[in-house]
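Dear colleague,

Please find below the structure that I am handing over to you.

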Amino acid sequence: MNVYLRETRSGLKSLIFWSLGVILFLAASVQKYSALSLDPASLDIMRQLPKALQEMFGVGYLDFAKLSGFYGMIYPYMVLMTAVHASMLGAVIVSKEERDHTSEFLYAKPASRLGLLGAKALAALTAALILNLVIGAASVSMFGSEPGMPGTIAQLCAGLFLTQLVFLALGVAAAAGFRQPKAATGIATGVMLAAYLLSVAIDVSGKLGALKPLTPFEYFDARRIIGRGEALNPWYVLLCLMLAAALTFWACLRFNRRDLKV
């Protein structure tokens, strides 16, 4: 039995729905931009928002009269969507046998626990990567008409994948490391939402910049990458890789020792 192929096939329907959802979101965003661009005065509404909301939406960084500026505004929502997908995927793909009381069927096979955990994690990583590629292709086709924009989108998608990697590892760690597999999804999504709310608080307050390393939602800022032409912060790239590696190591350590629910 090839666990990787089985898990990849079983998650195909969910991946298709998530991909269609993201494509529809991008298409709706393009339509919204087209409607707003017909009335340039409507874009000035952004400058009338409270200062905190202006900071959130990137006023002062992004030119909303351009398609690239509008993409920079919606990018954080794509990060949130993919973070939800990654954290839930990592938790469910590891915990579903214990949740459904079928773990004795899988773990009685002549394969090590770590081998099975690795196959499941690799299948989840494949799904996250495919979703990322779908987002990149759809973004370039809909928002890539400006010079240099395809390269910028590729850079943002690289940052997006690193964020997915962290939350995927978080989901795997929640399912593999805790004794209550049914609670794994709630734990993973709870931590993810807490990180998102912290990100919102940082943007709104403007005084909590020192807390940015605590939330991956702040690592790759589309406002600066698009608005100011900055590159991905190499320290945050390294931090993402370290967090994913640490969470994966802890998951392997705990999963190999704890009793399984049957």
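Which pattern does the protein follow when read along the sequence? The pattern is α-α-α-α-α-α-α-α-α-α-α, and the protein has 11 helices and zero strands. Helices (H or I, at least four residues) and strands (E, at least two) are DSSP runs, numbered from the N terminus.

Please note that this is a predicted model, in which local features need pLDDT of at least 70 and side-chain atom pairs count only at pLDDT 80 or more, while totals for chains, interfaces and linings use all residues. Residues are numbered from 1 along each chain as its sequence is written, and side-chain values use heavy atoms, with hydrogens and water left out.

**Overall figures**

Of the 262 residues of the protein, 44% count as buried; buried means under 20% relative accessible area, exposed over 50%, and partly exposed in between (1.4 Å probe, protein chains only). Among contacts between residues at least 6 apart in sequence, 73% join residues at least 24 apart, where contact means heavy atoms within 4.5 Å.

**The nonpolar core**

A nonpolar core is a set of buried Ala, Val, Leu, Ile, Met, Phe, Trp, Tyr and Cys residues joined through side-chain atoms within 4.5 Å. The largest one has 60 residues, of which Leu26, Tyr71, Tyr75, Val94, Phe143, Phe167 and Phe217 touch the most other members. Two or more residues of this core come from each of α2 (12-37), α5 (67-99), α7 (113-143), α8 (149-177), α9 (184-205), α10 (222-227) and α11 (234-255). The element that gives the most is α8, with 15 residues.

Not counting residues up to four places away in sequence, Phe167 touches Ala83, Ala86, Ser87, Met192, Ala195, Pro216 and Phe217. Thr163 has its place in helix α8 and counts as buried because its relative accessibility is 4%. With neighbours within four places in sequence left aside, Thr163 is in contact with Val79, Pro216 and Phe220.

**The largest pocket**

On a 1 Å grid over the protein atoms alone, a pocket is an open set of points where a 1.4 Å probe fits, with protein on both sides within 12 Å along at least five of seven lines; lining residues have an atom within 4 Å of a point. Of the 19 residues that line the largest pocket, Ser10, Gly11, Ser14, Leu89 and Ile93 are the closest to its centre. The largest share of the lining, six residues, comes from α5, and α1 (3-10), α2, α5 and α7 each supply at least two.

With kind regards
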